[in-house]
Amino acid sequence: MITALCALVGCKPSGAPVSYWEQGIPTYELVQVIPVAGRQGIAIDSNYYYVSDTKVLYKYDKTGKLVMKNDQPFQHPEIANHFGDIDIRNGEIYCGIEKFQYGRGYNIAVSIYDAETLTWKRDLPWSPESGQVEVSGLAVDRENGLVWMSDWVDSRYVYAYDLETGKYHSKMQCRPTPYWCQGIFVKEGKMLFAADDGEALYGIPDNLYIADVSDVPFTGLVQGREVVRESPFSVQLDESGKPVCRTGLIAGGAKGGQLAHFREMSDFRRCGEIEGLAIDPVNSNLVVLNNRGTRIVLGMSEGPLVDEGYTEEIHELYIYERR
(Lines give C-alpha, C1' and ligand atoms only; values in the text may rest on other atoms or scores of the structure.)
Protein backbone atom coordinates (compact mmCIF):
# COMPACT_ATOMS: atom_id res chain seq x y z
CA MET A 1 0.00 0.00 0.00
CA ILE A 2 2.81 2.45 0.85
CA THR A 3 4.54 1.89 -2.50
CA ALA A 4 1.27 2.21 -4.41
CA LEU A 5 0.20 5.40 -2.65
CA CYS A 6 3.66 6.94 -2.99
CA ALA A 7 3.51 6.27 -6.72
CA LEU A 8 0.03 7.75 -6.89
CA VAL A 9 0.95 11.01 -5.20
CA GLY A 10 4.27 11.29 -7.02
CA CYS A 11 6.85 11.27 -4.22
CA LYS A 12 10.06 13.10 -5.14
CA PRO A 13 13.66 12.11 -4.41
CA SER A 14 15.12 13.15 -1.07
CA GLY A 15 16.07 16.82 -0.99
CA ALA A 16 13.72 17.91 -3.79
CA PRO A 17 11.00 20.51 -3.11
CA VAL A 18 7.84 18.86 -1.85
CA SER A 19 4.16 19.74 -2.02
CA TYR A 20 1.28 18.87 0.28
CA TRP A 21 0.94 15.32 -1.06
CA GLU A 22 4.68 14.70 -1.45
CA GLN A 23 5.57 14.96 2.22
CA GLY A 24 5.23 11.24 2.73
CA ILE A 25 2.19 9.07 3.35
CA PRO A 26 -0.41 11.37 4.95
CA THR A 27 -1.68 10.37 8.38
CA TYR A 28 -4.21 12.33 10.38
CA GLU A 29 -5.12 12.52 14.04
CA LEU A 30 -8.58 13.54 15.21
CA VAL A 31 -8.25 16.68 17.34
CA GLN A 32 -11.74 18.20 17.46
CA VAL A 33 -15.40 17.53 16.68
CA ILE A 34 -17.68 20.51 15.99
CA PRO A 35 -21.49 20.15 15.83
CA VAL A 36 -23.11 21.97 12.91
CA ALA A 37 -26.62 22.39 11.53
CA GLY A 38 -25.93 21.17 7.99
CA ARG A 39 -25.77 17.58 6.80
CA GLN A 40 -24.30 17.81 3.29
CA GLY A 41 -21.01 19.59 2.60
CA ILE A 42 -18.06 21.60 3.86
CA ALA A 43 -15.93 24.33 2.27
CA ILE A 44 -13.15 26.27 3.99
CA ASP A 45 -11.36 29.57 3.46
CA SER A 46 -8.94 31.49 5.66
CA ASN A 47 -11.50 32.44 8.30
CA TYR A 48 -14.68 30.39 7.96
CA TYR A 49 -16.29 27.00 7.58
CA TYR A 50 -19.16 26.97 5.07
CA VAL A 51 -21.61 24.12 5.60
CA SER A 52 -24.43 23.07 3.30
CA ASP A 53 -27.60 21.47 4.54
CA THR A 54 -30.06 19.98 2.09
CA LYS A 55 -31.79 23.36 1.64
CA VAL A 56 -29.65 25.82 3.64
CA LEU A 57 -26.19 27.40 3.50
CA TYR A 58 -24.44 28.11 6.82
CA LYS A 59 -21.34 30.12 7.66
CA TYR A 60 -19.37 29.36 10.84
CA ASP A 61 -16.20 30.79 12.30
CA LYS A 62 -13.52 28.22 13.07
CA THR A 63 -14.55 27.90 16.70
CA GLY A 64 -17.92 26.58 15.52
CA LYS A 65 -19.93 29.77 16.14
CA LEU A 66 -22.70 30.36 13.61
CA VAL A 67 -22.14 33.65 11.77
CA MET A 68 -24.82 33.62 9.08
CA LYS A 69 -27.25 31.43 7.17
CA ASN A 70 -29.28 31.53 3.96
CA ASP A 71 -32.39 29.39 4.37
CA GLN A 72 -33.93 30.38 1.02
CA PRO A 73 -31.00 29.76 -1.31
CA PHE A 74 -32.73 28.33 -4.39
CA GLN A 75 -33.77 30.65 -7.20
CA HIS A 76 -36.37 28.14 -8.40
CA PRO A 77 -37.25 25.85 -5.47
CA GLU A 78 -39.86 24.07 -7.57
CA ILE A 79 -37.09 22.52 -9.70
CA ALA A 80 -34.15 22.36 -7.23
CA ASN A 81 -34.39 21.31 -3.59
CA HIS A 82 -31.03 19.82 -2.67
CA PHE A 83 -27.43 20.89 -2.04
CA GLY A 84 -24.58 18.40 -2.03
CA ASP A 85 -20.98 18.91 -0.97
CA ILE A 86 -19.52 22.35 -1.75
CA ASP A 87 -16.24 24.20 -2.36
CA ILE A 88 -14.97 27.78 -2.34
CA ARG A 89 -12.75 29.81 -4.67
CA ASN A 90 -11.98 33.54 -4.78
CA GLY A 91 -14.77 34.45 -2.39
CA GLU A 92 -17.39 32.37 -4.19
CA ILE A 93 -19.04 29.19 -2.93
CA TYR A 94 -19.58 26.53 -5.60
CA CYS A 95 -22.59 24.30 -4.91
CA GLY A 96 -23.96 21.32 -6.78
CA ILE A 97 -27.75 21.61 -6.77
CA GLU A 98 -30.56 19.37 -7.98
CA LYS A 99 -34.00 18.04 -7.24
CA PHE A 100 -33.31 14.83 -5.30
CA GLN A 101 -35.91 12.17 -4.59
CA TYR A 102 -35.12 8.71 -3.24
CA GLY A 103 -31.98 7.84 -5.08
CA ARG A 104 -32.22 10.02 -8.18
CA GLY A 105 -31.26 13.57 -9.09
CA TYR A 106 -32.92 15.93 -11.59
CA ASN A 107 -32.28 19.47 -12.89
CA ILE A 108 -28.59 19.45 -11.99
CA ALA A 109 -26.60 22.71 -11.98
CA VAL A 110 -23.62 24.40 -10.37
CA SER A 111 -24.89 27.37 -8.35
CA ILE A 112 -22.38 29.98 -7.21
CA TYR A 113 -22.95 32.06 -4.06
CA ASP A 114 -21.15 35.04 -2.56
CA ALA A 115 -19.10 33.85 0.43
CA GLU A 116 -19.53 37.13 2.32
CA THR A 117 -23.33 37.30 2.12
CA LEU A 118 -24.30 33.72 1.11
CA THR A 119 -26.45 35.17 -1.68
CA TRP A 120 -26.81 33.55 -5.12
CA LYS A 121 -24.76 35.05 -7.96
CA ARG A 122 -25.01 32.81 -11.04
CA ASP A 123 -25.30 29.23 -12.34
CA LEU A 124 -23.15 27.06 -14.55
CA PRO A 125 -25.27 24.75 -16.73
CA TRP A 126 -25.17 20.96 -16.65
CA SER A 127 -24.75 18.73 -19.71
CA PRO A 128 -26.99 15.65 -19.35
CA GLU A 129 -25.24 14.20 -22.43
CA SER A 130 -22.25 13.53 -20.15
CA GLY A 131 -24.10 10.62 -18.56
CA GLN A 132 -24.27 12.16 -15.09
CA VAL A 133 -27.59 11.55 -13.29
CA GLU A 134 -26.98 13.04 -9.80
CA VAL A 135 -24.66 15.53 -8.09
CA SER A 136 -23.53 14.57 -4.59
CA GLY A 137 -20.37 16.63 -4.38
CA LEU A 138 -18.43 19.38 -6.04
CA ALA A 139 -14.75 20.34 -6.02
CA VAL A 140 -12.79 23.18 -7.60
CA ASP A 141 -9.56 22.13 -9.33
CA ARG A 142 -7.63 25.37 -8.96
CA GLU A 143 -4.53 24.21 -10.81
CA ASN A 144 -6.36 23.04 -13.93
CA GLY A 145 -9.20 25.55 -13.97
CA LEU A 146 -11.94 22.97 -13.61
CA VAL A 147 -14.91 22.29 -11.38
CA TRP A 148 -15.68 18.62 -10.74
CA MET A 149 -18.98 16.95 -9.84
CA SER A 150 -19.50 13.52 -8.30
CA ASP A 151 -22.51 11.25 -8.75
CA TRP A 152 -23.99 9.37 -5.77
CA VAL A 153 -26.31 7.27 -7.92
CA ASP A 154 -23.57 6.07 -10.29
CA SER A 155 -20.17 6.74 -8.75
CA ARG A 156 -18.26 5.16 -11.63
CA TYR A 157 -17.46 8.62 -13.00
CA VAL A 158 -16.66 12.14 -11.85
CA TYR A 159 -17.39 14.98 -14.29
CA ALA A 160 -15.32 18.10 -15.06
CA TYR A 161 -16.46 21.51 -16.35
CA ASP A 162 -14.35 24.48 -17.41
CA LEU A 163 -14.35 27.18 -14.71
CA GLU A 164 -14.16 30.06 -17.18
CA THR A 165 -16.60 28.97 -19.87
CA GLY A 166 -18.83 26.69 -17.79
CA LYS A 167 -18.78 24.11 -20.57
CA TYR A 168 -18.43 20.37 -20.11
CA HIS A 169 -14.77 19.30 -20.24
CA SER A 170 -14.48 15.56 -19.66
CA LYS A 171 -15.06 12.77 -17.17
CA MET A 172 -12.90 10.29 -15.31
CA GLN A 173 -13.79 6.67 -14.69
CA CYS A 174 -13.07 5.68 -11.07
CA ARG A 175 -11.32 2.33 -10.80
CA PRO A 176 -12.26 0.75 -8.43
CA THR A 177 -15.56 2.55 -7.91
CA PRO A 178 -16.09 4.24 -4.51
CA TYR A 179 -19.80 3.46 -4.45
CA TRP A 180 -22.19 6.05 -3.00
CA CYS A 181 -19.65 8.84 -3.33
CA GLN A 182 -20.82 11.75 -1.16
CA GLY A 183 -18.09 14.37 -1.44
CA ILE A 184 -14.89 15.22 -3.32
CA PHE A 185 -12.02 17.67 -2.89
CA VAL A 186 -9.08 18.52 -5.18
CA LYS A 187 -5.70 19.77 -4.04
CA GLU A 188 -2.55 19.92 -6.17
CA GLY A 189 -3.82 17.48 -8.77
CA LYS A 190 -5.13 14.86 -6.34
CA MET A 191 -8.79 14.17 -5.70
CA LEU A 192 -10.09 12.89 -2.38
CA PHE A 193 -13.37 10.96 -2.35
CA ALA A 194 -15.68 10.42 0.63
CA ALA A 195 -17.62 7.20 0.08
CA ASP A 196 -20.65 6.12 2.08
CA ASP A 197 -19.54 2.53 1.54
CA GLY A 198 -19.62 1.30 5.12
CA GLU A 199 -22.66 -0.16 6.84
CA ALA A 200 -23.93 1.89 9.76
CA LEU A 201 -26.30 -0.89 10.87
CA TYR A 202 -23.35 -3.19 11.53
CA GLY A 203 -20.86 -0.56 12.67
CA ILE A 204 -18.72 -0.81 9.52
CA PRO A 205 -16.93 2.52 8.84
CA ASP A 206 -17.04 4.61 5.68
CA ASN A 207 -13.84 5.41 3.78
CA LEU A 208 -11.81 8.03 1.94
CA TYR A 209 -10.02 7.36 -1.37
CA ILE A 210 -7.51 9.28 -3.50
CA ALA A 211 -6.80 9.55 -7.24
CA ASP A 212 -4.55 11.57 -9.54
CA VAL A 213 -6.49 14.13 -11.62
CA SER A 214 -3.52 16.27 -12.63
CA ASP A 215 -3.88 15.40 -16.33
CA VAL A 216 -7.43 15.12 -17.64
CA PRO A 217 -7.45 15.92 -21.37
CA PHE A 218 -10.40 17.71 -22.95
CA THR A 219 -12.86 15.39 -24.71
CA GLY A 220 -16.04 17.48 -24.61
CA LEU A 221 -19.27 16.53 -26.32
CA VAL A 222 -19.33 15.17 -29.87
CA GLN A 223 -21.95 14.02 -32.34
CA GLY A 224 -22.47 10.28 -32.01
CA ARG A 225 -24.81 7.39 -31.28
CA GLU A 226 -25.47 5.61 -27.98
CA VAL A 227 -28.03 3.40 -26.28
CA VAL A 228 -30.86 5.04 -24.33
CA ARG A 229 -30.71 4.17 -20.64
CA GLU A 230 -33.72 3.77 -18.37
CA SER A 231 -31.31 4.02 -15.42
CA PRO A 232 -27.51 4.05 -15.14
CA PHE A 233 -27.61 0.26 -15.01
CA SER A 234 -30.32 -0.70 -17.53
CA VAL A 235 -31.18 0.17 -21.11
CA GLN A 236 -34.46 0.90 -22.85
CA LEU A 237 -35.67 -1.90 -25.14
CA ASP A 238 -37.90 -1.71 -28.21
CA GLU A 239 -40.80 -4.03 -28.96
CA SER A 240 -38.43 -6.66 -30.37
CA GLY A 241 -36.30 -6.62 -27.23
CA LYS A 242 -33.36 -4.77 -28.76
CA PRO A 243 -31.69 -1.70 -27.18
CA VAL A 244 -33.07 1.67 -28.27
CA CYS A 245 -30.38 4.04 -29.57
CA ARG A 246 -30.28 7.79 -30.08
CA THR A 247 -28.09 10.07 -32.16
CA GLY A 248 -26.89 13.49 -31.06
CA LEU A 249 -24.37 14.90 -28.60
CA ILE A 250 -22.61 12.32 -26.43
CA ALA A 251 -19.54 12.33 -24.19
CA GLY A 252 -16.47 12.35 -26.42
CA GLY A 253 -14.35 10.16 -24.17
CA ALA A 254 -13.12 9.61 -20.63
CA LYS A 255 -9.91 9.20 -18.66
CA GLY A 256 -9.34 6.08 -16.59
CA GLY A 257 -8.44 6.96 -13.01
CA GLN A 258 -6.83 4.66 -10.47
CA LEU A 259 -8.09 5.05 -6.89
CA ALA A 260 -6.21 4.05 -3.76
CA HIS A 261 -7.58 3.65 -0.26
CA PHE A 262 -6.71 6.75 1.78
CA ARG A 263 -8.30 6.40 5.20
CA GLU A 264 -10.90 4.35 7.05
CA MET A 265 -13.10 6.65 9.15
CA SER A 266 -13.18 4.37 12.17
CA ASP A 267 -12.89 7.25 14.65
CA PHE A 268 -16.34 8.72 13.98
CA ARG A 269 -18.43 8.72 17.16
CA ARG A 270 -20.86 6.41 15.40
CA CYS A 271 -20.84 4.95 11.92
CA GLY A 272 -23.43 6.82 9.92
CA GLU A 273 -23.55 8.69 6.62
CA ILE A 274 -20.30 10.37 5.61
CA GLU A 275 -20.74 13.49 3.50
CA GLY A 276 -18.42 16.28 2.32
CA LEU A 277 -14.75 16.90 3.00
CA ALA A 278 -12.18 19.65 2.54
CA ILE A 279 -8.61 20.62 3.45
CA ASP A 280 -8.11 23.85 5.39
CA PRO A 281 -5.93 26.22 3.30
CA VAL A 282 -4.42 27.77 6.45
CA ASN A 283 -3.23 24.79 8.48
CA SER A 284 -3.79 21.81 6.13
CA ASN A 285 -6.29 20.19 8.52
CA LEU A 286 -8.54 17.58 6.96
CA VAL A 287 -12.21 18.29 7.75
CA VAL A 288 -14.92 15.67 7.17
CA LEU A 289 -18.68 15.98 7.73
CA ASN A 290 -20.54 12.99 9.14
CA ASN A 291 -24.17 12.38 10.09
CA ARG A 292 -25.31 9.91 12.72
CA GLY A 293 -28.41 8.85 14.55
CA THR A 294 -31.01 8.24 11.82
CA ARG A 295 -31.95 5.49 9.43
CA ILE A 296 -31.00 6.31 5.83
CA VAL A 297 -33.06 5.00 2.89
CA LEU A 298 -31.68 5.73 -0.59
CA GLY A 299 -29.86 8.81 0.64
CA MET A 300 -32.76 10.26 2.67
CA SER A 301 -33.09 10.35 6.46
CA GLU A 302 -36.12 8.41 7.67
CA GLY A 303 -36.18 9.20 11.39
CA PRO A 304 -34.04 8.74 14.52
CA LEU A 305 -32.60 5.53 15.91
CA VAL A 306 -34.74 5.71 19.04
CA ASP A 307 -33.52 2.36 20.34
CA GLU A 308 -30.06 3.94 20.64
CA GLY A 309 -31.39 7.05 22.37
CA TYR A 310 -31.35 9.40 19.37
CA THR A 311 -34.15 11.94 18.98
CA GLU A 312 -32.74 13.59 15.85
CA GLU A 313 -29.91 13.35 13.36
CA ILE A 314 -26.59 14.79 14.53
CA HIS A 315 -24.23 16.53 12.09
CA GLU A 316 -20.57 16.98 13.00
CA LEU A 317 -17.34 18.28 11.50
CA TYR A 318 -14.40 16.04 12.33
CA ILE A 319 -11.16 18.04 12.37
CA TYR A 320 -7.94 16.11 11.70
CA GLU A 321 -4.39 17.39 12.03
CA ARG A 322 -1.82 16.01 9.62
CA ARG A 323 1.02 14.20 11.41
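Let's start with Gln-40, which is buried, with a relative accessible area of 4%. Keep in mind as we go that this is a predicted model. Where does Gln-40 sit in the chain? You'll find Gln-40 in the loop between strand S1, residues 28-36, and strand S2, residues 41-44. Setting aside residues up to four places away in sequence, Gln-40 touches Ser-52, Asp-53 and Thr-54, then His-82, Phe-83, Gly-84 and Asp-85, and also Glu-275, Gly-276 and Leu-289. And here is a pair to click on: Gln-40 and Val-244 are 204 residues apart in sequence, and their C-alpha atoms are 37 Å apart in space.

How many helices and strands does it have? There is one helix, and there are 26 strands. The radius of gyration is 19 Å, close to the 20 Å that the globule rule gives for 323 residues, so this protein is as compact as a globular protein of that length.

A few more overall numbers. Of the 323 residues, 52% count as buried. Take the contacts between residues at least 6 apart in sequence: 55% of them join residues at least 24 apart.

Next, the inside. The largest nonpolar core has 34 residues, and those with the most contacts inside it are Tyr-49, Leu-208, Leu-286, Val-288 and Leu-317. Let's follow one of these. What does Leu-317 touch, not counting residues up to four places away in sequence? Its partners include Gln-32, Val-33, Ile-34 and Val-36, along with Ile-42, Tyr-49 and Val-51, and then Val-287, Val-288 and Leu-289. There is also a second, separate core of 18 residues; among them are Cys-181, Met-191, Val-216 and Leu-259.

On to the backbone, where a few spots deserve a look. Most residues other than glycine have a negative phi, and most peptide bonds are trans. With that in mind, go to Arg-175 and Pro-176: a cis peptide bond joins them, with omega at about -5°. Pro-176 lies in the loop between strand S13, residues 168-175, and strand S14, residues 181-187.

Then we have two asparagines. Asn-90 is not a glycine, yet it has a positive phi of about 50°. Asn-90 belongs to the loop between strand S6, residues 82-89, and strand S7, residues 92-100. Is Asn-90 buried or exposed? At 67% relative accessibility, Asn-90 counts as exposed. The other one is Asn-107, with a positive phi of about 55°, although it is not a glycine either. Asn-107 has its place in strand S8, residues 105-114, and Asn-107 is partly exposed, with a relative accessible area of 38%.

Ser-127 has a relative accessible area of 14%, under the 20% cut-off, so Ser-127 counts as buried. Leaving aside neighbours within four places in sequence, Ser-127 is in contact with Tyr-161, Tyr-168 and Leu-221.

Staying with strand S9, that is where you'll find Asp-123. Asp-123 is partly exposed, at a relative accessible area of 37%. Which residues is Asp-123 in contact with, leaving aside neighbours within four places in sequence? They are Val-110, Ser-111 and Ile-112. Asp-123 and Ala-109 are 14 residues apart in sequence and 6.7 Å apart in space, C-alpha to C-alpha.

The last stop is Thr-247, in strand S20, residues 245-251. Thr-247 is exposed, with a relative accessible area of 62%. Leaving aside neighbours within four places in sequence, Thr-247 is in contact with Gly-224 and Arg-225. From Thr-247 to Gln-223 there are 24 residues in sequence and 7.3 Å in space, C-alpha to C-alpha.

How values were computed: Residues are numbered from 1 along each chain as its sequence is written. This is a predicted model: local features need pLDDT of at least 70, side-chain atom pairs count only at pLDDT 80 or more; totals for chains, interfaces and linings use all residues. Side-chain values use heavy atoms; hydrogens and water are left out. Helices (H or I, at least four residues) and strands (E, at least two) are DSSP runs, numbered from the N terminus. The radius of gyration is taken over C-alpha atoms; the globule rule is 2.2 Å times the number of residues to the power 0.38. Buried means under 20% relative accessible area, exposed over 50%, partly exposed in between (1.4 Å probe, protein chains only). Contact means heavy atoms within 4.5 Å. A nonpolar core is a set of buried Ala, Val, Leu, Ile, Met, Phe, Trp, Tyr and Cys residues joined through side-chain atoms within 4.5 Å.
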